[in-house]
Amino acid sequence: MLKGMERLGRKGIPVGCRGGGCGICKVEIVRGDYRCKRMSRAHISVAEEARGVVLACRTTPQSDLDVRVLGKIQRAVMRALD
Amino acid sequence: MAMTGVLRPGHVQLRVLDLDEAVTHYRDYMGLIETHRDSQGRVYLKGWDEQDWFSVVLREADEAGMDHMAFKVLDEETLWRLQGDLKKFGCQLERIAAGELDHCGERVRFTAPTGHLFELYANKDHYGNGIATTNPAPWPEGLKGMQAVRFDHCLVYGEDLDGSVKLFTEVLGFQLTEQIMDGDLQLAAFMTCSTKAHDVAFIRQAGKGKLHHASFLLKTWENVLRAADIISMKDIAIDIGPTRHGLTRGQTIYFFDPSGNRNEVFCDDSYVYPDTPVLTWTADRTGQAIFYHSRELNDRFMGVTTGA
């Protein structure tokens with residue numbers, strides 16, 4: 001899903017490690033069919049995965065999907081840089 | 001003055017989501033040499049120009065991140081002396097038996113104030129670098145991929161930067177080489193136990209125990225550019241680069257392993273002696289400190305970490 005978005009030049013989902021480890025591209029699949037590869041359990045619990053909360057970089061759509069973006073990048077360094 | 005105390009980074013143990021994919025990445029693409037697999041299924045690798053049995057351990061797990069980073073110390077006397085000093089500092093300590101990692105002696109494990117697990121050890125079996133010690137060739141044949149020379153350092157994130165810097169400098173004898181300062185607040189600290197630009201580095205961020213990257217040395221800028229080619233050829237997730245850092249002057253490229261752990265390969269960074277002045281980057285120049293050419297911070301580089 002994430003690769004597809006990047007190829008279209010879109011930016012809705014934040015792009016992190018692209019490998020399922022960092023949790024940045026967390027989304028909720030509201031509607032549609034999909035398959036997922038292994039994702040870090042630090043970011044997606046078993047319960048979350050069961051209710052359609054997944055990492056976009058590890059998810060392959062199998063139909064059109066309605067998606068809600070949950071993830072975002074936490075800024076390093078607490079002040080003065082933004 | 002001979003080198004005493006902590007000598008160098010010894011190894012990093014990384015958690016990976018899929019072991020086979022990780023081994024392909026570290027062995028075939030980065031060119032680390034696989035030297036062992038243990039009974040727990042962990043894979044051991046080393047850079048070609050490292051003498052000890054391993055500097056990277058990959059453990060399959062359901063989370064990515066760094067299990068621990070270990071440093072080699074001069075000898076057993078040093079190991080026990082530093083253990084005593086760590087205890088006085090107030091660290092939570094654990095002794096890990098010799099052989100818990102095959103080919104590695106007893107380790108002293110401690111939790112740094114930033115939440116990271118570090119270890120010290122004195123003994124690891126010798127493997128060699130593939131070159132004779134009499135009338136040696138300059139490099140061994142059969143190297144693959146990026147031909148990583150050695151495991152060089154880790155950069156980690158944590159809230160109690162001050163505590164970890166105090167631990168590494170006052171207890172373990174590391175020297176501060178470069179820093180980012182926002183007035184009186186230290187935002188980043190780079191430290192060495194030898195003459196390198198850094199053997200470990202910390203950046204201040206809310207949270208504990210996160211890994212920013214594990215870094216491996218290459219020989220030349222051409223090697224870094226070639227690594228960038230391999231990253232594209234093998235469809236590896238790139239983060240940023242190739243470019244130069246202001247901090248350390250290293251010429252670098254960042255990318256992710258298949259589990260999302262960030263890797264760096266770099267060359268030609270700076271060096272220090274005990275009398276070398278500390279270099280300071282002011283917070284307003286953080287962009288240039290990290291990316292000397294673009295002079296712009298990058299959200300993904302700053303914000304994406306694995307672990308904890």
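Predicted model: local features only at pLDDT ≥ 70, side-chain atom pairs only at ≥ 80, totals over all residues.
Visitor: Which strands of chain B stand at the edges, each with a single partner strand?
Guide: The sheet is open and holds 9 strands of chain B, in the order β14-β15-β16-β13-β9-β12-β11-β10-β17, with mixed pairing. One side of each edge strand has no neighbour in the sheet, because each has a single partner; these strands are β14 (238–244) and β17 (279–282).

Visitor: Which residue of β5(A) is the bridge partner of A:Arg31?
Guide: Chain A has an open, antiparallel sheet of 3 strands in the order β3-β1-β5. Here β3 (53–55) and β5 (66–69) are the edge strands, so each has one side without a neighbour in the sheet. β1(A) and β5(A) pair over 4 bridges. The bridge partner of A:Arg31 in β5(A) is A:Asp66.

Visitor: How much area do chain A and chain B bury between them?
Guide: The contact draws 26 residues from chain A and 32 residues from chain B. Carbon and sulfur atoms carry 56% of the buried area. The area itself is about 2,400 Å².

Visitor: How many salt bridges are counted between chain A and chain B?
Guide: One salt bridge joins the side chains of B:Glu21 and A:Lys37 (3.6 Å, N to O). On the side of chain A that touches chain B, the residues divide into 12 nonpolar, 6 polar and 8 charged. The count of salt bridges between the two chains is 4.

Visitor: How many residues apart in sequence are the parts that A:Glu6 and A:Arg18 tie together?
Guide: The side chains of A:Glu6 and A:Arg18 form a salt bridge at 3.1 Å, N to O. A:Glu6 belongs to helix α1 (residues 2–7) of chain A, whereas A:Arg18 lies in the loop between α1 and β1 (26–31), so the pair links parts whose separation in sequence, in residues, is 12.

Methods
Residues numbered from 1 in each chain as written. Chains lettered and ligands numbered in written order. Heavy atoms only, no water. Pairing = 2+ DSSP bridges. Helix = DSSP H or I, 4+ residues; strand = E, 2+ residues; numbered from the N terminus. Contact = heavy atoms within 4.5 Å. Buried area = accessible area lost by both parts, 1.4 Å probe. Nonpolar A, V, L, I, M, F, W, Y, C, P; charged D, E, K, R; others polar.
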